[in-house]
Amino acid sequence: MAPWPELGDAQPNPSKYLEGATSQQPITPDKSKETNKNNTEVPVTKFELLPTYSTATLIEEPTEVDDPWNLPTLQDSGIKWSERDTKGKILCVFQGIGRLILLLGFLYFFVCSLDVLSSAFQLVGGKMAGQFFSNSSIMSNPLLGLVIGVLVTVFVQSSSTSTSIVVSMVASSLLTVRAAIPIIMGANIGTSITNTIVALMQVGDRSEFRRAFAGATVHDFFNWLSVLVLLPVEVATHYLEVVTQLIVESFHFKNGEDAPDLLKVITKPFTKLIVQLDKKVISQIAMNDETAKNKSLVKIWCKTFTNMTQMNVTVPSMANCTSPSLCWTDGIQIWTMKNVTYKENIAKCQHIFVNFHLPDLAVGIILLIISLLVLCGCLIMIVKILGSVLKGQVATVIKKTINTDFPFPFAWLTGYLAILVGAGMTFIVQSSSVFTSALTPLIGIGVITIERAYPLTLGSNIGTTTTAILAALASPGNTLRSSLQIALCHFFFNISGILLWYPIPFTRLPIRMAKGLGNISAKYRWFAVFYLIIFFFLIPLTVFGLSLAGWPVLVGVGVPVVFIIILVLCLRLLQSRCPRVLPKKLQNWNFLPLCMHSLKPWDAVISKFTGPFQMPCCCCCRVCCRVCCLLCGCPKCCRCSKCCQDLEEGQEAQGVPVKAPETFDNITISREAQGEVHAPDSKTECTAL
């Protein structure tokens, strides 16, 4: 493209861009010419535009638009190392060590807050989750089992908890393995909500939020698409049940030691001081134990002593005696000797809520608020510290290490190595939610691309199943077989999903779908919350209610909805690929009301209701922002709080047009800059050229 002249020296006079224009005199209008104005617009003047500043070239070659998914350049705005003196170098080293310590500290509290958040959700919805499982007769419906797995995992914020409940029910013959497989699939979906919630914490910056939300929801779309394909296949063929049963029967497994707790060794001492839960209560409720419904999930006694002793007890008749020799009567009652087990409480637990005697719901709400506040604060500080550390050469090295593929013959192996890395890291931290939640801010600030985060997330799905397999191998004899088979079902389900949505680049639909959702959520940030509520609460609850009403109701409502969704997707595909085969009216969505094919009217409604709650930055926010900038080394002009609208957004909201420079006095170019270019008249175009 021809270079554009410097805008600072741009003048509205076009004579400097015309060859030989200095020798021409200005044309004065003549009356005779005015009378013939209708026949001839302007006198034809033969001249040539200099090729360097040709307006035709400018119109034909539009300026290249920046891709919003390109990683930002994290440039170091500080003083270079070579330009520092000895004191400055020592100070820089100590600042780096301090930032590293702060980063590790905030990361520790971030992981602890995730653990406390899971406990809070269990206190709020744990008993309700147990009641979902208590009616085992409705579990024969695979669709109902799927949505129960989603809802229970969302309520307790832990797929391992919901999986352990399923294992206990299978071991107790309350549930078959065939009925448990859809619940495991639902648990795989529900566990991905954690990193999606973490992505909402980066909503202040549109670009960061676009990348972070897409990086988090790529996990969601992978799980949903895998279930949509594999659940009907499993219902029709039962391949997961058959394969895992053959594996379990082929090997003679023995009980092992407890599964290793690598990360919990570090976090458990701190989280135990906040709250401790008796998770057996949820399993007991699921197995219809009436006494467990009145128990509290908050553990009070951590050290107990169970003893068995012989005691004299009364029985209704001689037939209830343990033996004839141990049976006697005093003339009024019949006595016998029995072994009685009693439990003696020795020491209370050492956590905050042990002596408060609050109901589970109150404790859960308190912990939920505190853990979300700590989670938000830690995430903000982690992002800021990473943003200050990952600059210049350091950022370049890290980006090249993580996002660069192997040389040509082995480039395809890079993604599979990333899958192994994700599986290994998840095995170390013992939680896929922790790994993917820690990955989300790195995607947001632009260190890791969506394309590289996708295989890491797939590896995380495999890593969490290997942890479940190890835990199953450590199970007691009565639950070893069932727990191992369910863990293997989870493992092969994720392997099947990877084979569907990763090896062939064309099939990596989760990446494209996550990017599309990221673009929408960056423009309309309220849509992210709408997505969470719809996909993780409303749709599962609706399917659950329709399933309870019976198959005829579910089919009568579900089939038309599915048909409409498929019709819309096919129509959208034809509109984008080959619109000519469609009637002119169906080539776009303009035949529908605006509110049915655009989020703009909805955005206006939501902005109207949320407008009174949007307040400018308070003094406290500005002080916190300034402290954050001092810790991270941000420049004074940094607006890290992101609580005020950008200048450009404010101008667009007020309808203030952007003024074009004087060089755009040419009507055609200025209209193009404002998006108002119309098809030129052929006669005028030929005359001008």
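**View 1. The cavity of the predicted model.** The structure, a predicted model, holds 1 cavity of 30 Å³ or more. A cavity is a set of points, on a 1 Å grid over the protein atoms alone, where a 1.4 Å probe fits but cannot get out. About 30 Å³ of space lies in the largest cavity, the volume being the space filled by probe spheres set on the points. Residues are numbered from 1 along each chain as its sequence is written. Local features need pLDDT of at least 70 and side-chain atom pairs count only at pLDDT 80 or more, while totals for chains, interfaces and linings use all residues; side-chain values use heavy atoms, without hydrogens and water.

**View 2. The lining of the largest cavity.** Lining residues have an atom within 4 Å of a point; here they include Asn195, Gly215, His219 and Thr436. Helices H8 (206-237), H15 (432-445) and H16 (450-473) each give two or more residues to this lining, helices being DSSP runs (H or I, at least four residues) numbered from the N terminus. The largest share, 4 residues, comes from H15. By type, the lining has 3 nonpolar, 6 polar and no charged residues, with Gly counted as polar.

**View 3. The largest nonpolar core.** A nonpolar core joins buried (under 20% relative accessible area, 1.4 Å probe, protein chains only) Ala, Val, Leu, Ile, Met, Phe, Trp, Tyr and Cys residues through side-chain atoms within 4.5 Å. Among the 95 residues of the largest one, Phe110, Val166, Leu175, Met185, Leu367 and Tyr454 touch the most other members. H8 supplies the largest share of this core, 13 residues.

Technical notes
1 Å grid on protein atoms, 1.4 Å probe; cavity = no way out; pocket = protein on both sides within 12 Å on 5 of 7 lines; lining within 4 Å. Buried < 20%, exposed > 50% of the residue type's maximum accessible area, 1.4 Å probe, protein only.
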